[in-house]
Amino acid sequence: MSGLYPSLKDVTIVATAFKLLLLPAYKSTDFEVHRNWLALTHSLPVQKWYYENTSEWTLDYPPFFAAFEWCMSHVAKYFDPRMLEVQNLGYDSFNTVLFQRLSVIVTELVMVYALHRLVANSPEFTKRSAHAIALSILLSPGLLIIDHIHFQYNGFMYGILLLSLLVAKSSPLLSGILFAALLCFKHIYLYLAPAYFIYLLRAYCLGPNFSIWPPNPAIQFFNSLKLGVSIITIFATAFAPFVWWGQIPQLLSRLFPFARGLCHAYWAPNIWAMYSFIDRCLILIAPKLGLAINQAALSSGTRGLVGNTSFAVLPDITPRVTFVLTLLFMALPLVKLFMHPTYENFLGSVTLCAFSSFLFGWHVHEKAILLIIFPFSLLALNSRHHLSSFRPLAVAGHVSLFPLLFTPAEFPIKTVYTVLWLIVFLYTFDKLAPSGGVNEYRRWLMDRPATLFVIVAIPLVTYCSLIHGLVFGDRLGFMPLMFMSSYSAVGVVASWVWLMGVYLSN
(Lines give C-alpha, C1' and ligand atoms only; values in the text may rest on other atoms or scores of the structure.)
Protein backbone atom coordinates (compact mmCIF):
# COMPACT_ATOMS: atom_id res chain seq x y z
CA MET A 1 0.00 0.00 0.00
CA SER A 2 3.08 2.23 -0.10
CA GLY A 3 2.05 3.61 -3.49
CA LEU A 4 -1.29 4.91 -2.24
CA TYR A 5 -1.23 8.57 -1.32
CA PRO A 6 -2.22 9.95 1.07
CA SER A 7 -1.95 6.86 3.24
CA LEU A 8 -4.73 5.83 5.58
CA LYS A 9 -2.37 6.34 8.50
CA ASP A 10 -1.50 9.90 7.48
CA VAL A 11 -5.13 10.84 6.93
CA THR A 12 -6.09 9.34 10.29
CA ILE A 13 -3.47 11.49 12.05
CA VAL A 14 -4.60 14.68 10.29
CA ALA A 15 -8.28 13.88 10.86
CA THR A 16 -7.62 13.24 14.56
CA ALA A 17 -5.85 16.60 14.90
CA PHE A 18 -8.84 18.32 13.30
CA LYS A 19 -11.27 16.51 15.60
CA LEU A 20 -9.26 17.65 18.63
CA LEU A 21 -9.91 21.22 17.54
CA LEU A 22 -13.63 20.50 17.91
CA LEU A 23 -13.39 19.77 21.65
CA PRO A 24 -15.19 23.02 22.60
CA ALA A 25 -17.77 22.71 19.80
CA TYR A 26 -21.53 22.46 20.31
CA LYS A 27 -22.69 19.25 21.98
CA SER A 28 -26.25 17.96 21.95
CA THR A 29 -28.30 16.30 24.67
CA ASP A 30 -26.66 13.04 23.54
CA PHE A 31 -23.56 14.23 25.40
CA GLU A 32 -25.52 14.23 28.67
CA VAL A 33 -27.15 10.93 27.66
CA HIS A 34 -23.80 9.19 27.53
CA ARG A 35 -22.48 10.94 30.63
CA ASN A 36 -25.53 9.67 32.48
CA TRP A 37 -24.95 6.16 31.18
CA LEU A 38 -21.34 6.31 32.36
CA ALA A 39 -22.61 7.33 35.80
CA LEU A 40 -25.37 4.77 36.21
CA THR A 41 -23.31 1.80 34.93
CA HIS A 42 -20.43 2.81 37.23
CA SER A 43 -22.49 3.57 40.33
CA LEU A 44 -25.29 1.00 40.27
CA PRO A 45 -25.49 -2.82 40.18
CA VAL A 46 -26.34 -4.32 36.81
CA GLN A 47 -29.83 -5.25 38.03
CA LYS A 48 -30.72 -1.55 38.28
CA TRP A 49 -29.30 -0.34 34.97
CA TYR A 50 -32.54 -0.62 33.01
CA TYR A 51 -34.71 0.69 35.87
CA GLU A 52 -32.74 3.82 36.80
CA ASN A 53 -34.68 6.95 35.81
CA THR A 54 -33.20 9.84 37.78
CA SER A 55 -32.43 11.41 34.42
CA GLU A 56 -34.92 11.54 31.57
CA TRP A 57 -32.14 10.05 29.43
CA THR A 58 -32.59 6.46 30.59
CA LEU A 59 -30.46 3.58 29.30
CA ASP A 60 -32.03 2.32 26.06
CA TYR A 61 -29.17 0.48 24.34
CA PRO A 62 -28.55 -3.31 24.58
CA PRO A 63 -26.35 -4.85 27.31
CA PHE A 64 -23.05 -4.92 25.40
CA PHE A 65 -23.18 -1.15 24.97
CA ALA A 66 -24.04 -0.77 28.64
CA ALA A 67 -20.97 -2.88 29.44
CA PHE A 68 -18.96 -0.69 27.05
CA GLU A 69 -20.02 2.38 29.05
CA TRP A 70 -19.12 0.56 32.27
CA CYS A 71 -15.62 -0.16 30.95
CA MET A 72 -15.13 3.45 29.91
CA SER A 73 -16.33 4.68 33.31
CA HIS A 74 -13.28 3.07 34.92
CA VAL A 75 -11.09 5.33 32.80
CA ALA A 76 -13.40 8.34 33.21
CA LYS A 77 -12.92 8.38 36.99
CA TYR A 78 -9.31 9.47 36.48
CA PHE A 79 -10.47 12.52 34.49
CA ASP A 80 -13.24 13.71 36.80
CA PRO A 81 -14.99 11.35 39.25
CA ARG A 82 -17.91 13.79 39.63
CA MET A 83 -19.13 12.93 36.12
CA LEU A 84 -19.91 9.46 37.48
CA GLU A 85 -22.46 10.68 40.03
CA VAL A 86 -25.99 9.76 38.90
CA GLN A 87 -27.49 12.81 40.61
CA ASN A 88 -25.08 15.18 38.89
CA LEU A 89 -27.40 15.95 35.95
CA GLY A 90 -26.06 18.14 33.15
CA TYR A 91 -22.49 17.98 34.47
CA ASP A 92 -20.00 19.08 31.80
CA SER A 93 -16.72 20.14 33.34
CA PHE A 94 -13.75 20.62 31.03
CA ASN A 95 -12.32 17.20 31.99
CA THR A 96 -15.69 15.57 31.38
CA VAL A 97 -15.88 17.06 27.90
CA LEU A 98 -12.25 16.14 27.26
CA PHE A 99 -12.78 12.52 28.27
CA GLN A 100 -15.97 12.01 26.31
CA ARG A 101 -14.59 13.64 23.16
CA LEU A 102 -11.37 11.61 23.40
CA SER A 103 -13.31 8.39 23.99
CA VAL A 104 -15.09 8.86 20.66
CA ILE A 105 -11.80 9.45 18.84
CA VAL A 106 -10.02 6.48 20.44
CA THR A 107 -12.85 3.95 19.98
CA GLU A 108 -13.16 5.03 16.33
CA LEU A 109 -9.84 3.23 15.76
CA VAL A 110 -11.94 0.07 15.36
CA MET A 111 -13.26 1.58 12.14
CA VAL A 112 -9.77 2.63 11.07
CA TYR A 113 -8.68 -1.00 11.43
CA ALA A 114 -11.66 -2.17 9.37
CA LEU A 115 -10.78 0.32 6.62
CA HIS A 116 -7.16 -0.86 6.71
CA ARG A 117 -8.44 -4.40 6.14
CA LEU A 118 -10.58 -3.16 3.25
CA VAL A 119 -7.56 -1.74 1.42
CA ALA A 120 -5.03 -4.42 2.39
CA ASN A 121 -7.22 -7.33 1.28
CA SER A 122 -8.37 -5.78 -2.00
CA PRO A 123 -6.99 -7.20 -5.25
CA GLU A 124 -4.28 -5.07 -6.79
CA PHE A 125 -6.45 -3.86 -9.66
CA THR A 126 -9.11 -2.52 -7.24
CA LYS A 127 -6.76 -1.21 -4.54
CA ARG A 128 -7.01 2.43 -5.64
CA SER A 129 -10.80 2.24 -5.55
CA ALA A 130 -10.76 0.55 -2.14
CA HIS A 131 -8.38 3.24 -0.88
CA ALA A 132 -10.70 6.01 -2.07
CA ILE A 133 -13.70 4.32 -0.45
CA ALA A 134 -11.78 3.89 2.81
CA LEU A 135 -10.80 7.56 2.92
CA SER A 136 -14.36 8.66 2.10
CA ILE A 137 -15.69 6.70 5.09
CA LEU A 138 -12.91 7.80 7.43
CA LEU A 139 -13.52 11.47 6.56
CA SER A 140 -17.31 11.14 6.41
CA PRO A 141 -19.12 14.41 7.17
CA GLY A 142 -21.80 12.29 8.77
CA LEU A 143 -19.42 10.93 11.38
CA LEU A 144 -17.93 14.36 11.96
CA ILE A 145 -21.36 15.90 12.54
CA ILE A 146 -22.94 13.07 14.52
CA ASP A 147 -20.00 11.74 16.57
CA HIS A 148 -17.47 14.51 16.97
CA ILE A 149 -19.81 17.51 17.31
CA HIS A 150 -23.36 16.35 18.08
CA PHE A 151 -21.88 13.41 20.06
CA GLN A 152 -22.33 9.66 19.70
CA TYR A 153 -20.20 6.52 19.27
CA ASN A 154 -21.17 5.48 15.75
CA GLY A 155 -17.62 5.18 14.41
CA PHE A 156 -16.81 2.38 16.83
CA MET A 157 -19.94 0.38 15.94
CA TYR A 158 -19.71 1.01 12.20
CA GLY A 159 -16.18 -0.33 12.47
CA ILE A 160 -17.63 -3.63 13.71
CA LEU A 161 -20.22 -3.58 10.92
CA LEU A 162 -17.59 -2.97 8.25
CA LEU A 163 -15.41 -5.79 9.62
CA SER A 164 -18.43 -8.08 9.51
CA LEU A 165 -19.21 -7.11 5.90
CA LEU A 166 -15.59 -7.44 4.79
CA VAL A 167 -15.03 -10.95 6.18
CA ALA A 168 -18.39 -12.26 4.95
CA LYS A 169 -16.88 -13.55 1.70
CA SER A 170 -13.98 -15.49 3.18
CA SER A 171 -15.39 -16.33 6.62
CA PRO A 172 -19.18 -16.26 6.90
CA LEU A 173 -18.99 -17.70 10.41
CA LEU A 174 -16.85 -14.83 11.70
CA SER A 175 -19.12 -12.38 9.88
CA GLY A 176 -22.16 -13.80 11.67
CA ILE A 177 -20.40 -13.68 15.05
CA LEU A 178 -19.39 -10.05 14.59
CA PHE A 179 -22.88 -9.07 13.49
CA ALA A 180 -24.49 -10.86 16.44
CA ALA A 181 -22.16 -8.99 18.78
CA LEU A 182 -23.02 -5.74 17.01
CA LEU A 183 -26.74 -6.32 17.60
CA CYS A 184 -25.95 -6.57 21.32
CA PHE A 185 -24.30 -3.14 21.12
CA LYS A 186 -27.04 -1.32 19.22
CA HIS A 187 -30.31 -2.81 18.05
CA ILE A 188 -30.73 -0.41 15.12
CA TYR A 189 -28.63 -2.90 13.14
CA LEU A 190 -31.61 -5.27 13.23
CA TYR A 191 -32.55 -3.45 10.01
CA LEU A 192 -29.78 -5.43 8.30
CA ALA A 193 -30.48 -8.78 9.97
CA PRO A 194 -32.72 -10.24 7.20
CA ALA A 195 -29.90 -9.92 4.64
CA TYR A 196 -27.43 -11.54 7.04
CA PHE A 197 -29.87 -14.35 7.80
CA ILE A 198 -30.47 -15.19 4.14
CA TYR A 199 -26.79 -14.95 3.17
CA LEU A 200 -25.52 -17.06 6.08
CA LEU A 201 -28.27 -19.61 5.47
CA ARG A 202 -27.48 -20.00 1.77
CA ALA A 203 -23.74 -19.43 1.70
CA TYR A 204 -22.79 -21.25 4.90
CA CYS A 205 -25.56 -23.51 6.20
CA LEU A 206 -26.77 -24.93 2.87
CA GLY A 207 -24.41 -26.60 0.44
CA PRO A 208 -23.67 -25.54 -3.13
CA ASN A 209 -25.93 -28.34 -4.41
CA PHE A 210 -29.01 -26.89 -2.71
CA SER A 211 -32.07 -26.60 -4.91
CA ILE A 212 -35.77 -25.99 -4.37
CA TRP A 213 -36.84 -28.15 -7.31
CA PRO A 214 -36.01 -30.94 -7.48
CA PRO A 215 -35.84 -30.74 -3.65
CA ASN A 216 -32.30 -31.01 -2.32
CA PRO A 217 -31.71 -29.23 1.03
CA ALA A 218 -27.98 -30.05 1.06
CA ILE A 219 -27.71 -28.96 4.68
CA GLN A 220 -24.20 -28.42 6.04
CA PHE A 221 -24.89 -29.74 9.55
CA PHE A 222 -21.51 -28.92 11.10
CA ASN A 223 -21.54 -25.37 9.71
CA SER A 224 -25.09 -24.87 10.95
CA LEU A 225 -24.11 -26.16 14.40
CA LYS A 226 -21.09 -23.86 14.65
CA LEU A 227 -23.06 -20.81 13.58
CA GLY A 228 -26.01 -21.60 15.85
CA VAL A 229 -23.88 -22.26 18.93
CA SER A 230 -21.80 -19.13 18.32
CA ILE A 231 -24.78 -16.81 17.96
CA ILE A 232 -26.68 -18.35 20.90
CA THR A 233 -23.57 -17.96 23.05
CA ILE A 234 -23.27 -14.26 22.19
CA PHE A 235 -26.93 -13.51 22.88
CA ALA A 236 -26.86 -15.59 26.05
CA THR A 237 -23.85 -13.64 27.27
CA ALA A 238 -25.70 -10.38 26.69
CA PHE A 239 -29.22 -11.26 27.83
CA ALA A 240 -29.09 -14.37 30.07
CA PRO A 241 -28.54 -12.37 33.30
CA PHE A 242 -31.64 -10.30 32.57
CA VAL A 243 -33.63 -13.45 31.83
CA TRP A 244 -32.50 -14.84 35.19
CA TRP A 245 -33.59 -11.64 36.97
CA GLY A 246 -36.93 -11.55 35.13
CA GLN A 247 -36.10 -8.19 33.57
CA ILE A 248 -36.56 -8.94 29.86
CA PRO A 249 -39.94 -7.11 29.62
CA GLN A 250 -38.38 -4.01 31.20
CA LEU A 251 -35.33 -4.21 28.95
CA LEU A 252 -37.43 -4.62 25.81
CA SER A 253 -39.63 -1.67 26.79
CA ARG A 254 -36.47 0.46 26.84
CA LEU A 255 -35.13 -0.88 23.53
CA PHE A 256 -38.41 -0.65 21.58
CA PRO A 257 -40.42 2.40 22.75
CA PHE A 258 -43.31 2.19 20.26
CA ALA A 259 -45.13 4.96 22.11
CA ARG A 260 -42.96 7.39 20.14
CA GLY A 261 -44.39 8.93 16.99
CA LEU A 262 -44.01 8.03 13.34
CA CYS A 263 -41.54 10.85 12.64
CA HIS A 264 -38.55 11.69 14.76
CA ALA A 265 -38.15 15.29 15.93
CA TYR A 266 -35.81 16.14 13.04
CA TRP A 267 -37.87 14.46 10.31
CA ALA A 268 -35.61 11.77 8.85
CA PRO A 269 -35.57 12.16 5.04
CA ASN A 270 -37.83 9.22 4.22
CA ILE A 271 -41.26 8.44 2.79
CA TRP A 272 -42.96 9.76 5.92
CA ALA A 273 -41.20 13.12 5.63
CA MET A 274 -42.65 13.42 2.12
CA TYR A 275 -46.01 12.22 3.44
CA SER A 276 -45.92 14.88 6.17
CA PHE A 277 -44.94 17.54 3.63
CA ILE A 278 -47.86 16.61 1.37
CA ASP A 279 -50.18 16.71 4.38
CA ARG A 280 -48.97 20.24 5.16
CA CYS A 281 -49.59 21.33 1.60
CA LEU A 282 -53.06 19.77 1.55
CA ILE A 283 -54.04 21.80 4.60
CA LEU A 284 -53.83 24.92 2.42
CA ILE A 285 -56.01 23.59 -0.40
CA ALA A 286 -58.26 21.14 1.49
CA PRO A 287 -61.21 23.60 1.76
CA LYS A 288 -61.16 24.16 -2.01
CA LEU A 289 -61.07 20.41 -2.64
CA GLY A 290 -63.73 19.64 -0.08
CA LEU A 291 -61.37 17.52 2.02
CA ALA A 292 -61.96 17.07 5.74
CA ILE A 293 -59.33 18.46 8.10
CA ASN A 294 -58.48 16.92 11.45
CA GLN A 295 -58.59 19.96 13.73
CA ALA A 296 -56.90 18.06 16.56
CA ALA A 297 -53.85 17.54 14.36
CA LEU A 298 -53.79 21.23 13.47
CA SER A 299 -53.74 22.27 17.11
CA SER A 300 -50.93 19.90 18.01
CA GLY A 301 -47.89 21.88 19.09
CA THR A 302 -45.43 19.42 17.65
CA ARG A 303 -47.54 18.22 14.69
CA GLY A 304 -46.75 14.68 15.76
CA LEU A 305 -42.99 15.03 15.69
CA VAL A 306 -42.82 13.76 19.26
CA GLY A 307 -45.33 11.27 20.62
CA ASN A 308 -48.24 9.99 18.57
CA THR A 309 -48.30 11.33 15.03
CA SER A 310 -51.53 12.76 13.65
CA PHE A 311 -52.11 14.09 10.15
CA ALA A 312 -54.56 16.84 9.27
CA VAL A 313 -55.74 15.56 5.87
CA LEU A 314 -54.03 12.29 5.00
CA PRO A 315 -54.81 9.04 6.88
CA ASP A 316 -52.77 8.35 10.01
CA ILE A 317 -50.03 5.74 9.77
CA THR A 318 -49.78 2.90 12.30
CA PRO A 319 -46.69 0.85 13.26
CA ARG A 320 -48.26 -2.15 11.53
CA VAL A 321 -48.40 -0.29 8.21
CA THR A 322 -44.73 0.68 8.44
CA PHE A 323 -43.79 -2.89 9.38
CA VAL A 324 -45.63 -4.41 6.42
CA LEU A 325 -44.18 -1.90 3.95
CA THR A 326 -40.68 -2.43 5.29
CA LEU A 327 -40.92 -6.22 4.94
CA LEU A 328 -42.49 -5.94 1.50
CA PHE A 329 -39.68 -3.86 0.05
CA MET A 330 -37.04 -5.94 1.83
CA ALA A 331 -38.46 -9.10 0.25
CA LEU A 332 -37.50 -8.05 -3.29
CA PRO A 333 -33.72 -8.07 -2.81
CA LEU A 334 -33.86 -10.95 -0.30
CA VAL A 335 -35.48 -13.29 -2.83
CA LYS A 336 -32.66 -12.64 -5.26
CA LEU A 337 -30.06 -13.10 -2.53
CA PHE A 338 -31.60 -16.45 -1.62
CA MET A 339 -31.49 -17.62 -5.24
CA HIS A 340 -28.01 -16.18 -5.93
CA PRO A 341 -26.04 -15.86 -2.67
CA THR A 342 -23.00 -14.07 -4.08
CA TYR A 343 -20.95 -11.63 -2.03
CA GLU A 344 -21.92 -8.68 -4.24
CA ASN A 345 -25.60 -9.59 -3.90
CA PHE A 346 -25.10 -9.75 -0.14
CA LEU A 347 -23.72 -6.20 -0.03
CA GLY A 348 -26.52 -5.02 -2.29
CA SER A 349 -29.13 -6.73 -0.15
CA VAL A 350 -27.69 -5.26 3.07
CA THR A 351 -27.84 -1.80 1.52
CA LEU A 352 -31.39 -2.25 0.23
CA CYS A 353 -32.58 -3.61 3.58
CA ALA A 354 -31.14 -0.49 5.19
CA PHE A 355 -32.94 1.63 2.58
CA SER A 356 -36.28 -0.11 3.19
CA SER A 357 -36.05 0.25 6.96
CA PHE A 358 -35.00 3.88 6.74
CA LEU A 359 -37.63 4.86 4.18
CA PHE A 360 -40.61 3.01 5.63
CA GLY A 361 -39.74 2.37 9.29
CA TRP A 362 -41.40 3.73 12.43
CA HIS A 363 -39.75 6.65 14.27
CA VAL A 364 -36.59 6.55 12.18
CA HIS A 365 -33.76 8.80 13.31
CA GLU A 366 -32.11 10.98 10.69
CA LYS A 367 -28.73 9.73 11.95
CA ALA A 368 -29.61 6.24 10.65
CA ILE A 369 -28.78 7.45 7.12
CA LEU A 370 -25.21 6.29 7.74
CA LEU A 371 -26.59 2.77 7.92
CA ILE A 372 -27.21 3.11 4.18
CA ILE A 373 -24.27 5.26 3.15
CA PHE A 374 -21.47 3.08 4.54
CA PRO A 375 -22.53 -0.31 3.07
CA PHE A 376 -23.40 1.44 -0.20
CA SER A 377 -19.91 2.97 -0.25
CA LEU A 378 -18.48 -0.53 -0.65
CA LEU A 379 -20.54 -0.90 -3.85
CA ALA A 380 -20.31 2.63 -5.22
CA LEU A 381 -17.36 1.93 -7.52
CA ASN A 382 -18.59 -1.41 -8.84
CA SER A 383 -20.05 0.25 -11.93
CA ARG A 384 -21.14 3.56 -13.39
CA HIS A 385 -24.74 2.65 -12.54
CA HIS A 386 -23.89 2.12 -8.88
CA LEU A 387 -22.11 5.47 -8.74
CA SER A 388 -25.06 7.27 -10.36
CA SER A 389 -27.29 5.81 -7.67
CA PHE A 390 -24.84 6.66 -4.88
CA ARG A 391 -24.42 10.32 -5.84
CA PRO A 392 -27.85 11.66 -4.76
CA LEU A 393 -27.64 9.62 -1.55
CA ALA A 394 -24.26 11.14 -0.69
CA VAL A 395 -25.66 14.65 -1.13
CA ALA A 396 -29.10 14.13 0.44
CA GLY A 397 -27.88 11.98 3.30
CA HIS A 398 -25.31 14.47 4.52
CA VAL A 399 -27.42 17.58 3.92
CA SER A 400 -30.22 15.98 5.96
CA LEU A 401 -27.92 16.01 8.99
CA PHE A 402 -27.43 19.79 8.93
CA PRO A 403 -30.41 20.54 11.22
CA LEU A 404 -28.63 18.60 13.99
CA LEU A 405 -26.18 21.52 14.24
CA PHE A 406 -28.24 24.68 14.49
CA THR A 407 -25.78 26.97 16.26
CA PRO A 408 -24.11 29.75 14.19
CA ALA A 409 -20.56 28.72 15.15
CA GLU A 410 -20.99 25.27 13.59
CA PHE A 411 -22.62 26.49 10.35
CA PRO A 412 -19.34 27.09 8.44
CA ILE A 413 -17.88 23.83 9.74
CA LYS A 414 -20.73 21.60 8.59
CA THR A 415 -21.24 23.35 5.25
CA VAL A 416 -17.63 23.89 4.17
CA TYR A 417 -16.51 20.45 5.31
CA THR A 418 -19.43 18.68 3.62
CA VAL A 419 -19.06 20.62 0.37
CA LEU A 420 -15.32 19.87 0.23
CA TRP A 421 -15.98 16.18 0.92
CA LEU A 422 -18.59 16.01 -1.84
CA ILE A 423 -16.33 17.76 -4.36
CA VAL A 424 -13.25 15.67 -3.57
CA PHE A 425 -14.82 12.24 -3.31
CA LEU A 426 -17.55 12.46 -5.92
CA TYR A 427 -14.92 13.72 -8.38
CA THR A 428 -12.52 10.94 -7.36
CA PHE A 429 -15.23 8.31 -7.58
CA ASP A 430 -16.19 9.61 -11.01
CA LYS A 431 -12.64 9.07 -12.23
CA LEU A 432 -12.33 5.60 -10.70
CA ALA A 433 -15.73 4.10 -11.55
CA PRO A 434 -15.50 1.62 -14.45
CA SER A 435 -17.45 2.67 -17.50
CA GLY A 436 -18.88 -0.82 -18.01
CA GLY A 437 -19.64 -0.09 -21.66
CA VAL A 438 -21.48 3.14 -20.88
CA ASN A 439 -20.64 5.67 -23.61
CA GLU A 440 -20.05 9.36 -22.89
CA TYR A 441 -23.53 10.47 -23.95
CA ARG A 442 -25.31 7.89 -21.75
CA ARG A 443 -22.94 8.76 -18.93
CA TRP A 444 -23.86 12.45 -19.34
CA LEU A 445 -27.59 11.59 -19.22
CA MET A 446 -27.15 9.39 -16.14
CA ASP A 447 -25.30 12.13 -14.26
CA ARG A 448 -27.71 15.01 -15.06
CA PRO A 449 -30.36 14.25 -12.37
CA ALA A 450 -27.72 14.07 -9.66
CA THR A 451 -26.12 17.29 -10.89
CA LEU A 452 -29.46 19.12 -10.80
CA PHE A 453 -30.13 17.74 -7.35
CA VAL A 454 -26.80 19.12 -6.09
CA ILE A 455 -27.47 22.52 -7.65
CA VAL A 456 -30.80 22.78 -5.81
CA ALA A 457 -29.06 22.06 -2.50
CA ILE A 458 -27.07 25.31 -2.60
CA PRO A 459 -29.95 27.82 -2.43
CA LEU A 460 -31.96 25.48 -0.17
CA VAL A 461 -29.26 25.25 2.49
CA THR A 462 -28.66 29.00 2.25
CA TYR A 463 -32.34 29.74 2.78
CA CYS A 464 -32.89 27.22 5.58
CA SER A 465 -29.73 28.10 7.48
CA LEU A 466 -29.55 31.88 6.98
CA ILE A 467 -32.31 33.66 5.07
CA HIS A 468 -35.34 32.15 6.85
CA GLY A 469 -34.17 33.37 10.25
CA LEU A 470 -33.50 36.86 8.92
CA VAL A 471 -36.92 37.12 7.25
CA PHE A 472 -39.20 35.34 9.72
CA GLY A 473 -37.23 35.42 12.97
CA ASP A 474 -38.69 32.84 15.36
CA ARG A 475 -41.89 32.41 13.34
CA LEU A 476 -42.59 29.35 11.14
CA GLY A 477 -39.70 27.49 12.71
CA PHE A 478 -40.85 24.18 11.21
CA MET A 479 -40.45 25.36 7.61
CA PRO A 480 -36.65 25.06 7.19
CA LEU A 481 -36.71 21.59 8.71
CA MET A 482 -39.63 20.56 6.49
CA PHE A 483 -37.96 21.87 3.33
CA MET A 484 -34.60 20.28 4.17
CA SER A 485 -36.06 16.89 5.07
CA SER A 486 -38.44 16.77 2.11
CA TYR A 487 -35.68 17.75 -0.33
CA SER A 488 -33.33 15.17 1.15
CA ALA A 489 -36.07 12.53 1.04
CA VAL A 490 -36.36 13.00 -2.73
CA GLY A 491 -32.65 12.23 -3.11
CA VAL A 492 -32.77 9.20 -0.81
CA VAL A 493 -35.84 7.76 -2.56
CA ALA A 494 -34.30 8.36 -6.00
CA SER A 495 -31.11 6.61 -4.92
CA TRP A 496 -33.11 3.66 -3.57
CA VAL A 497 -35.19 3.26 -6.73
CA TRP A 498 -32.09 3.43 -8.94
CA LEU A 499 -30.13 0.93 -6.85
CA MET A 500 -33.11 -1.45 -6.67
CA GLY A 501 -33.28 -1.39 -10.46
CA VAL A 502 -29.56 -2.03 -10.82
CA TYR A 503 -29.63 -4.83 -8.26
CA LEU A 504 -32.61 -6.67 -9.70
CA SER A 505 -31.55 -6.31 -13.33
CA ASN A 506 -27.90 -7.26 -12.86
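How many of the residues of helix α17 (residues 370–377) are buried? In this predicted model, the helix is mostly covered, with 8 of its 8 residues buried.

**Helix α17 and its cover**

- The buried residues of α17 are Leu370, Leu371, Ile372, Ile373, Phe374, Pro375, Phe376 and Ser377.
- The cover over these buried residues includes α6 (127–138), α7 (141–151) and α8 (154–167), together with α16 (343–360), α18 (384–399) and α21 (478–505).

**The loop between α16 and α17**

- Glutamate 366 is located in the loop between α16 and α17.
- Glutamate 366 counts as buried because its relative accessibility is 0%, and buried means under 20%.
- A polar contact of 3.2 Å joins the side chain of glutamate 366 to the side chain of lysine 367.

**Salt bridges**

- The model contains 6 salt bridges, among them the pairs described here.
- Lysine 19 and glutamate 108 form a salt bridge in which the closest N and O atoms are 2.6 Å apart. This pair links distant parts of the chain, 89 residues apart: lysine 19 belongs to helix α1 (residues 8–20), and glutamate 108 to the loop between α4 (94–107) and α5 (109–120). Both lysine 19 and glutamate 108 are buried.
- Lysine 27 and aspartate 92 meet through their side chains in a salt bridge of 3.4 Å, N to O. The two residues are 65 residues apart, with lysine 27 in the loop between α1 and α2 (29–43) and aspartate 92 in the loop between α3 (63–76) and α4. Aspartate 92 is partly exposed, because its relative accessible area is 40%, and lysine 27 is partly exposed at 27%; partly exposed values lie between the 20% limit for buried and the 50% limit for exposed.
- Arginine 384 and aspartate 430 also meet in a salt bridge, at 2.6 Å from N to O. Arginine 384 lies in helix α18 and aspartate 430 in helix α19 (residues 411–432), so the pair ties together parts that are 46 residues apart in sequence. Both arginine 384 and aspartate 430 are buried.
- A network of salt bridges links Arg384, Arg391 and Asp430.

**A nonpolar patch on the surface**

- Leu284, Ile285, Leu289 and Leu291 form a nonpolar patch on the surface, and together they have about 390 Å² of accessible area.
- Isoleucine 285, one of the residues in this patch, is found in helix α13 (residues 271–289).
- Isoleucine 285 has a relative accessible area of 38%, so this residue is partly exposed.

Methods
Residues numbered from 1 in each chain as written. Predicted model: local features only at pLDDT ≥ 70, side-chain atom pairs only at ≥ 80, totals over all residues. Heavy atoms only, no water. Buried < 20%, exposed > 50% of the residue type's maximum accessible area, 1.4 Å probe, protein only. Helix = DSSP H or I, 4+ residues; strand = E, 2+ residues; numbered from the N terminus. Contact = heavy atoms within 4.5 Å. Patch = residues over 30% accessible without salt bridge, like charges linked within 9 Å, V, L, I, M, F, W, Y side chains within 5 Å. Areas by Shrake-Rupley, 256 points an atom, 1.4 Å probe, with all protein chains shown as cover. Salt bridge = Lys/Arg side-chain N within 4 Å of Asp/Glu carboxyl O. Polar contact = N/O pair within 3.5 Å; in protein donor to acceptor, adjacent residues only side chain to side chain.
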